Each structure stands twice: as structure tokens, then as C-alpha cells.
Amino acid sequence: LEGTCRSGQVLPLKTGCPLAWRLLGRLRCRCPLLSQGCRWEGEYSELSSHLTDTASHINLRPHSPSYSPPPLSSSPPTPLSHPTSPQPPLLTHHASTTPDKWSESPSSSSLSTSQALNEQANLKFTHGLHKEAIQLYSKAISLAPQVAKYYSNRGAAWLTSGAAKECVQDCRRAIGLDPKYKRAHIRLSQALCVQGQYAAAVHAISMASSAMPEDNELSAEREAMVEVQGRVAEAMRAVQDRHPSTALALLGDLLNARSPPCVLTCAAHAHAQAGRLDQALSLGRRVLQHHDISDTGALLLCAQALYLKADWDQSLKHLRQLLKLSPDDSTASAAFKKIRRVQSLVESASSAMFRREFEAAVEGFTAALDQDPELKEDPVASSQAHKPLSAL
């Protein structure tokens, strides 16, 4: 632990000190929703499972203000039995019970329980436990589906965990319940940006800003979205005009862990044009691994980068996968045939060079270059494909 502190790193307790983690897990505790009527008690290691269990916290009735809980027992508590007053069915939210002097109506009881669950979900979210936070937000929504804040909070957890599509759905539900809920509008536009839908993001935040013109935060968010949309569009034009340095400078801080596929693909094309094929491959594979394995644009990009690295087999493998997804893709079909021809000519020329038949080797490499006019125009790409000829 001392070495961990000196290095400035903070490890989770389970990793940094397993013994302390085990001791903490054996501590006995009560449910944080004790004031809402939950009588669960057990070991700390079981608390998270209890909170996220869909069968718990149903039909709770808050205790009266004068209620004081009994001391924690040293052994697991035995289930309470009430032979004279049977409990309502587990999944019945509006069971007809006779309220006593400290009970609330079912609606107010469900609302207070949902608020407590939302607070627990916020704690989980703050500590980076997004999956558990989503489960608790979902429980709060099941008890109070009319509260817009719960949908928006769950949307934030979805977005942080990389599920932008689910975030969009939850934010739109929140806006449907409360059109003036600012955080839902902001998170919706952010999620659309993560999906690469910049026009939709600008439209969404513009509608919110028009409905609430006095809100400076919405206005600032709209200006930021418009700027991002313009930078991405300008970077794509720079790639089309073969100005890779300009494109990468425009993208700049937009290249991060939450970059959408369109930004990653644009940056990959820029790196490929600049001759940085490893960076281009890394970005293309990131799109395929983390976003969409069937992204035909990313498959074609990876195939072209591998082709320029003279990795014929892997390039053809990517093109075969692309053609399975889109058999009528003329660009992929033409690239596949061209790479097969270039591969055959380069391998034949390399064999001739190995036999010291240099004139035949030069003819073979020249024929390979003639198969791809772009290699003649691009000295960086030409040097990659013409690499065997440098031995002469």
C-alpha cells in the first residue's frame, strides 16, 4: 500500500488490500432504505445484491418518525411472520391494506421509496459502478415512472458506460414527461454526438434553447455543438482534398475514448494519407471492435491500409468479409481484384530479384505500380508497395 500511495495511484480496496476488503464484507449492516420500511440486515458484501434485487423494496411502508430500529443481531435475522395479517402479493403495487396511523398512501410510499433508490443509484454512479446504478435507477422508475429525473439519470449512466442508444431513449422519455428538464436535453444532444449524429444533436439542443431562451447553459451547449459539427465537416472535406495534417488538426480533442465512428474513420483516412498506416489501422480496428464489426467503411479502410503495408492476405480477408456483408459493393469488388493482381505481380518480381534477374524484377514491379495509379501519385504509398525494389 505504501508503494501505491507513493506512486500517486489509488487502487480499489479489493485489489489494494484484500484482507481489509474481506473484513469489510463481513460487517453486518442494515439496508439504506431502513427509513422506508425495509427490514433487511446482513453482511456488507450482500448489500449490493439486495439493493439491485428486483424483488426487494416492493410495497414498503415508511416507519413513523418515533420508530427506533432494534440493535443489529450477530446472526442473520429470521423472517418475520404475521399469521393474523397476511402479506400482500409480492408484485402487487396497489394492495388494499388498512393504513394505520403511521402509513402513507401507496403512491406517496412508492414515491418516497423511489427517491431513496435514486439517491443510492447516484452514490453508485459517483463511485463508477454504472451497471449497479442503472439497475437502481430502473427500480426507481418501476416505482415512479412519472418522474423525468430518473430517466435522465439512468441516461447519464448509460452514456458513461458506452450505451449511447439507450441514453437517447431515456432522455427522450424524460423530455416527454418534462419538456423543460434541461439536463435531459443536454444529455440527449451529447448522446447523439457520441453516435455521430451531429445534425440531430444541434437540432435537439436548438429546440431546447428556443424553448428556454433565458438559459445560458443551453445556449453555450448549442454553440459548442455547432462548433463540433463544423469542425467534423471541415475535417472530412480536408481528407477529400488530401490535406491530412489539416484534418487531424481540426479533429484534435475530438479524438477521445467516446469518439463516434465517423470521427475515427476520418482520422484514420488522414493518417493513411500521411503514410502513418499503423495509426490508421488502429483507428479502423477500434471502430470494428468497439462500435460495429459490420461497418463496411472501416473494413475497406483497414483493407487499404493493410494493402499499402503489403500484407496481402489480411487485406483480402477484410475485403472478403466486406463482400459477404455487401455483395454488390463495386468498390470492394474492384479493390479485391486489384490486390490479387498486384500481389501476384509483386511476388513474381520478388522471386525474379532473388534469382538476380533484375530486369524481370523491374518489369514486374513496374507492372504492379501500373495496376494502381494512386501509388504513382502518392510517393509515401508508392514507397510502401515498392519496398522490395529498394534492394536494387
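Buried means under 20% relative accessible area, exposed means over 50%, and partly exposed is in between, with a 1.4 Å probe and protein chains only. By that cut-off Ser-114 counts as buried, because its relative accessibility is 0%. This is a predicted model, where local features need pLDDT of at least 70, side-chain atom pairs count only at pLDDT 80 or more, and totals for chains, interfaces and linings use all residues. Residues are numbered from 1 along each chain as its sequence is written, and side-chain values use heavy atoms, with hydrogens and water left out.

**Whole chain**

- The chain holds 20 helices and two strands. Helices (H or I, at least four residues) and strands (E, at least two) are DSSP runs, numbered from the N terminus.
- Of its 392 residues, 41% count as buried.
- The accessible surface of the chain is about 22300 Å², and carbon and sulfur atoms own 54% of it. Accessible areas come from the Shrake-Rupley method with a 1.4 Å probe; for residues, only the protein chains shown count as cover.
- Take contacts in the chain between residues at least 6 apart in sequence: 52% of them join residues at least 24 apart. Contact means heavy atoms within 4.5 Å.

**Helix pair α16 and α17**

- Two packed helices are described by the angle between their axes and the distance between the axes.
- Helix α16 spans residues 312-325 and helix α17 spans residues 330-354; their axes come within 10 Å and cross at roughly 160 degrees. That angle makes α16 roughly antiparallel to α17.
- Axes are lines fitted to C-alpha atoms, for helices over the stretch in contact, and angles run from 0 to 180 degrees between N-to-C directions. Angles under 35 degrees count as roughly parallel, over 145 as roughly antiparallel, 65 to 115 as roughly perpendicular, and the rest as oblique.
- The α16/α17 crossing is left-handed. That term applies if the near helix is turned anticlockwise from the far one by less than a right angle; clockwise is right-handed.
- On the α16 side, the contact residues include Trp-312, Leu-316, Leu-319 and Leu-323. On the α17 side, they include Phe-336, Ile-339, Val-342 and Val-346.
- By class, this contact of α16 with α17 has 11 nonpolar, three polar and four charged residues. Ala, Val, Leu, Ile, Met, Phe, Trp, Tyr, Cys and Pro count as nonpolar, Asp, Glu, Lys and Arg as charged, and the others, Gly among them, as polar.

**Helix pair α11 and α12**

- The axes of α11 (residues 216-240) and α12 (residues 244-251) come within 8 Å and cross at roughly 165 degrees. Therefore α11 is roughly antiparallel to α12.
- The crossing of α11 and α12 is left-handed.
- From α11, the contact uses Arg-231, Glu-234, Ala-235, Ala-238 and Val-239; α12 supplies Thr-246, Ala-247, Leu-250 and Leu-251.
- Six nonpolar, one polar and two charged residues make up the contact of α11 with α12.

**Positive phi in loops**

- Arg-242 sits in the loop between α11 and α12. Its phi is positive, about 60 degrees, although Arg-242 is not a glycine.
- Ala-310 is in the loop between α15 (296-308) and α16. Also not a glycine, Ala-310 has a positive phi of about 65 degrees. Ala-310 counts as partly exposed, at 29% relative accessibility.

- Ser-114 belongs to helix α5 (residues 106-126). Leaving aside neighbours within four places in sequence, Ser-114 is in contact with Ala-140, Leu-143, Ala-144 and Tyr-150.
- His-290 lies in helix α14 (residues 277-290). At 60% relative accessibility, His-290 counts as exposed.
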